[in-house]
Amino acid sequence: MSDKKVSIHESYTLPSSGSDIYDFEVPEVVTLRAMSTLDEKLRLSSSNGILIIPQLIKQCMIEPKDLDVAELKMFDIQYLMYMLRIATYGPDYKVELRCPECGHVFTAEMLLSDIPVNPVPDDIHEQLTITLPVSEDVVECSLQSASDITAIQNESKRILSKFPEYVGDPEFIIRWKYIIKTVNGAAVPKKDIQSYIESMHAKDGAYLRSKYEKVVNSIGMDLSRIDICPECGEEVQYSLPVTTEFFRPSFD
């Protein structure tokens with residue numbers, strides 16, 4: 001029996017490198033080792049990726065050893081998830097696509113290592129400031145971490161369990177309790193955010209969502225892609241999905 005261990009490891013520069021979006025010390029460079037079969041067992045232990053992926057990254061992290069991965073912003077975690085996949089299985093990735101023009105189904109092949117990574121812009125700091133167009137309120141927002149997403153999911157489940165007749169998705173409001181930090185310079189308790197959002201002018205609400213999501217979507221892995229349908233030659237535009245091929249690649 002071979003006594004070789006999983007020892008392949010690489011160092012990666014986080015999208016947040018050099019920025020001040022964290023209120024705790026986060027290194028610019030993180031070193032990961034390749035996953036072992038035991039790590040794969042951990043990944044398969046839950047269907048909740050928001051909960052398991054940070055644990056998996058932490059388990060495969062060589063340096064720094066004391067980093068609380070769950071408190072990293074989601075774009076840093078997503079980046080490390082892709083790097084962990086590359087370190088373990090290589091960059092080759094395949095997705096099945098359907099052409100919206102002719103309906104032809106085909107397989108697109110790519111290298112995950114070629115995905116562009118956008119760093120945090122110099123003008124984005126720990127709090128993102130947005131001025132609403134109607135109320136003219138100045139709202140300070142934080143960029144979400146994995147622990148925020150987990151808390152939002154748990155609170156949503158509690159509401160749906162307690163109020164089965166609840167109409168709509170409770171996460172629509174709950175998520176802002178973990179995003180909005182101050183309004184016009186004053187800290188707003190989480191318990192007051194819901195009434196603030198619910199009474200907000202619809203235009204302000206749409207503007208807040210649009211501006212916030214534009215910033216969040218501009219940082220980290222750029223997963224937007226264009227492939228050409230081999231049947232009709234039309235462009236197929238899509239956002240790169242995480243499929244079973246991501247952590248369980250097929251081998252020719």
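Strands are DSSP runs of E with at least two residues, and they are numbered from the N terminus. In this predicted model, R33 has its place in strand β2. Two polar links involve the side chain of this residue. The side chain of R33 is joined to that of D39 by a polar contact of 2.7 Å, and the R33 side chain also reaches the backbone oxygen of Q59 at 3.2 Å.

The strand that holds R33 belongs to a sheet. Three strands make up this open sheet, in the order β1-β2-β3, with antiparallel pairing. The edges are taken by β1 (9–13) and β3 (61–63); each has a single partner strand, so one side of each is left without a neighbour in the sheet. On average, neighbouring strands of the sheet are turned by 35° against each other, direction ignored. Strand β2, which covers residues 29–33, pairs with β3 in the antiparallel sense over 2 bridges. T31 has E63 in β3 as its bridge partner.

A helix accompanies this sheet. Helix α3 packs on the sheet and touches β1, β2 and β3. The direction of α3 makes about 40° with that of β2.

Attention now turns to the interior. In soluble globular proteins, nonpolar side chains tend to be buried together. The largest nonpolar core of this model has 67 residues, and within that core Y82, I180 and L240 touch the most other members. Helix α3 (residues 74–89) gives the most to this core, with 10 residues. Which residues does Y82 contact, leaving aside its neighbours within four places in sequence? The contacts of Y82 are L112, I115, M221, L223, L240, V242 and F246.

The view can finally be widened to the whole chain. The protein has 8 helices and 13 strands, and 40% of its 252 residues count as buried. Among contacts between residues at least 6 apart in sequence, 63% join residues at least 24 apart. The C-alpha atoms fill a box of roughly 65 × 50 × 45 Å, taken along the principal axes. The accessible surface of the protein comes to about 14,400 Å², and 50% of that surface belongs to carbon and sulfur atoms.

Technical notes:
Residues are numbered from 1 along each chain as its sequence is written. This is a predicted model: local features need pLDDT of at least 70, side-chain atom pairs count only at pLDDT 80 or more; totals for chains, interfaces and linings use all residues. Side-chain values use heavy atoms; hydrogens and water are left out. A nonpolar core is a set of buried Ala, Val, Leu, Ile, Met, Phe, Trp, Tyr and Cys residues joined through side-chain atoms within 4.5 Å. Buried means under 20% relative accessible area, exposed over 50%, partly exposed in between (1.4 Å probe, protein chains only). Helices (H or I, at least four residues) and strands (E, at least two) are DSSP runs, numbered from the N terminus. Contact means heavy atoms within 4.5 Å. Two strands pair if DSSP finds at least two bridges between them. Axes are lines fitted to C-alpha atoms, for helices over the stretch in contact, and angles run from 0 to 180 degrees between N-to-C directions. Accessible areas come from the Shrake-Rupley method with a 1.4 Å probe; for residues, only the protein chains shown count as cover. A polar contact is a pair of N or O atoms within 3.5 Å; within protein, one must be able to donate a hydrogen and the other to accept it, and residues adjacent in sequence count only if both atoms are side-chain atoms.
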